[in-house]
Amino acid sequence: MRTDARTAADWLDAFFDAYYARRPVNATFIGVHEYDDRLPDYSDAGTGDTLSEMRELLRASESIDATALTPVEAVDLQLARGELRTQIREFESLHFQRGNPSLYIGEAVFGAISLFLTDYAPLQERVDAATRRLAAVPKLLSQAKANVRAAPAAWTERALRECRGALAFLSDGVARLDLDGISGGRAFQATTGVAAAAIDDFDHWLGSELLHRTDARAGCGEAMFASYLHDGHHIDRDAEDILACAETELERAERDLHEASVRAGARDPQAALDRLRDVHPPVEAYYERYQEIWDAMRDVALAHDVVTWPELPIRFVPRPAWARSAAPDLYFLFYRSPAVYARPPIHELLVTPIDAAMSPAERDALLRANHDAVIKLNHVVHHGGVGHHVQNAHAFRSPSRIGRVAAVDCASRIAMFCGGTMAEGWACYATGLMAELGALTPLETIAELHARVRMCVRAIVDVLLHHGRITLEQAAAWFVERAGMAREQARAEAVKISMFPATALMYLVGTDAIRELRRDLSARLGPEFRLRDFHDRLLAWGSVPVSLVAAEMSRETQPAA
């Protein structure tokens, strides 16, 4: 690795070279395919080399002439340094490589799955890479057993479920891949068996040993949490301020939700939300309804001239047959950010399929669970339309090298922590924007207000849990009592928050930072303020913390001295 860089461009080259080599599964999702045949090395030697490399990169960054940096280079350098400091703390903590078995099984199974999600290369190349990755699974899981000496029981239980999903992929899923005409098919099948045996052994170890070596730790602690805020989200606010604001916003959101429900003639918010389940497409129009609503929402955005809609085609397709048995137990997303590089011309959002073998009652339950409001608010506005998909399309053209890749979805979270407040902040802001434009029905507006309540609860639980003020069980109770979640869903949400500190709060922090910036610039610019110009400028930075973008946009609009 070069350590003599004197320019930001040279140093960032070295930063990304190291990032992709040490995080090969992330690289695949981003579209860098040089390392498609590898899994990460979490051995003592591999971890030591990674830590040394990151520390050396930090040291080398100090020699860069800050006076010669462009504004974009200055932001990228700040973000890359923050990412390095965040990663160093994670490697040294008990919260990730040395304490979370779920991390390992996620890398193992998505190392292979990532190669089949899109046709970025000929199938033969992807099967060859998958064969080599699957052959490395026993080594990775052996490292897990050596590194993780104890873990919260809930994390081990999640890893056990993910083992079940991984084994489903390696059996039923692989059998459903169309590998006709692929050379090396027997080698691939044999290696699939080797990987499955290693995962089965890991599953046994989790259940018979690690599950009984419990660690009461669920939070990361105040110091580490503060570092996520400063080095990850790049905000000056402390956790107490975020908590106080979230509590205030929760009270306001609950009040707004109740008032909207009364106006809709419902006895309470849940009764109003239950009505939405009756508004769904018929079986024969289920798949078409996604595109129909997408077209309608795009027309609304264009008619109101709120954002430049870039060309990044998307289509809604049923989840592929090879993924269906595995997906329920894995971090298998309906929408994943398209790869930044080497992406297919049309991106696919994978919707819940209606199976011909379903009974009429099962089909009805699926349609009621995936009703029009879910399709509109979640799959279209938040993910596949003006939310993530439009934001990603703008990000891919960003002059910021960090901003292009930070919010790409990887095996268990986005590629870089710093991408969160913009990616999730914009997507949540987008649903509110569509309500503002009149694109939601009164009942859909209630669903949007309910989402705001959940967003506030997530931020509160994030702070309280990682500061040791509530237990995992109490965190789940918050979601049941204040967000109206079912107990199983609430438990899963609390576990996810415990595993990824300072992540749940980025939805509220990012959304409200965008809203505040819009108010400030609108007041400052008066009649010169244009909503599309504001949104386009915001998104042009890519997946960069909203706080940094806000500072730049505010600086650009300051009156001349």
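This is a predicted model: local features need pLDDT of at least 70, side-chain atom pairs count only at pLDDT 80 or more; totals for chains, interfaces and linings use all residues.

Q: How do helix 18 and helix 23 cross?
A: The axes of helix 18 (residues 420–436) and helix 23 (residues 531–540) come within 12 Å and cross at roughly 160 degrees. Axes are lines fitted to C-alpha atoms, for helices over the stretch in contact, and angles run from 0 to 180 degrees between N-to-C directions. Helices (H or I, at least four residues) and strands (E, at least two) are DSSP runs numbered from the N terminus.

Q: Parallel or antiparallel, then?
A: Helix 18 and helix 23 are roughly antiparallel to each other, because angles over 145 degrees count as such; those under 35 count as roughly parallel, 65 to 115 as roughly perpendicular and the rest as oblique. Helix 18 passes helix 23 in a left-handed crossing (the near helix is turned anticlockwise from the far one by less than a right angle; clockwise is right-handed).

Q: Which residues meet there?
A: Met422, Trp426, Tyr429 and Leu433 of helix 18 meet Leu531, Phe534, His535, Leu538 and Leu539 of helix 23, where contact means heavy atoms within 4.5 Å. These residues divide into 8 nonpolar, 1 polar and no charged. Ala, Val, Leu, Ile, Met, Phe, Trp, Tyr, Cys and Pro count as nonpolar, Asp, Glu, Lys and Arg as charged, and the others, Gly among them, as polar.

Q: And what about helix 15 with helix 19?
A: The axes of helix 15 (residues 372–384) and helix 19 (residues 442–466) come within 10 Å and cross at roughly 50 degrees. The two helices are therefore oblique to each other, and helix 15 passes helix 19 in a right-handed crossing. Ala373, Lys376 and Leu377 of helix 15 make the contact with Glu444, Ala447 and Glu448 of helix 19. By class, this contact has 3 nonpolar, no polar and 3 charged residues.

Q: Changing topic: how many cavities turn up?
A: A search of the whole structure finds 4 cavities of 30 Å³ or more. On a 1 Å grid over the protein atoms alone, a cavity is a set of points where a 1.4 Å probe fits but cannot get out, and a pocket is an open set with protein on both sides within 12 Å along at least five of seven lines; lining residues have an atom within 4 Å of a point.

Q: What is the volume of the largest cavity, and what lines it?
A: About 300 Å³ of space lies in the largest cavity, a volume being the space filled by probe spheres set on the points, with grid points joined across faces, edges and corners. Of its 22 lining residues, Leu117, Thr118, Arg336, Ser337 and His347 are the closest to its centre. Strand 2 gives the most to this lining, with 3 residues.

Q: And the second largest pocket, what is its volume?
A: The second largest pocket holds about 570 Å³ of space. Its lining has 25 residues, with Arg237, Val509, Asp512, Ala513 and Glu516 nearest its centre. Helix 22 gives the most, with 9 residues.

Methods: Residues are numbered from 1 along each chain as its sequence is written. Side-chain values use heavy atoms; hydrogens and water are left out.
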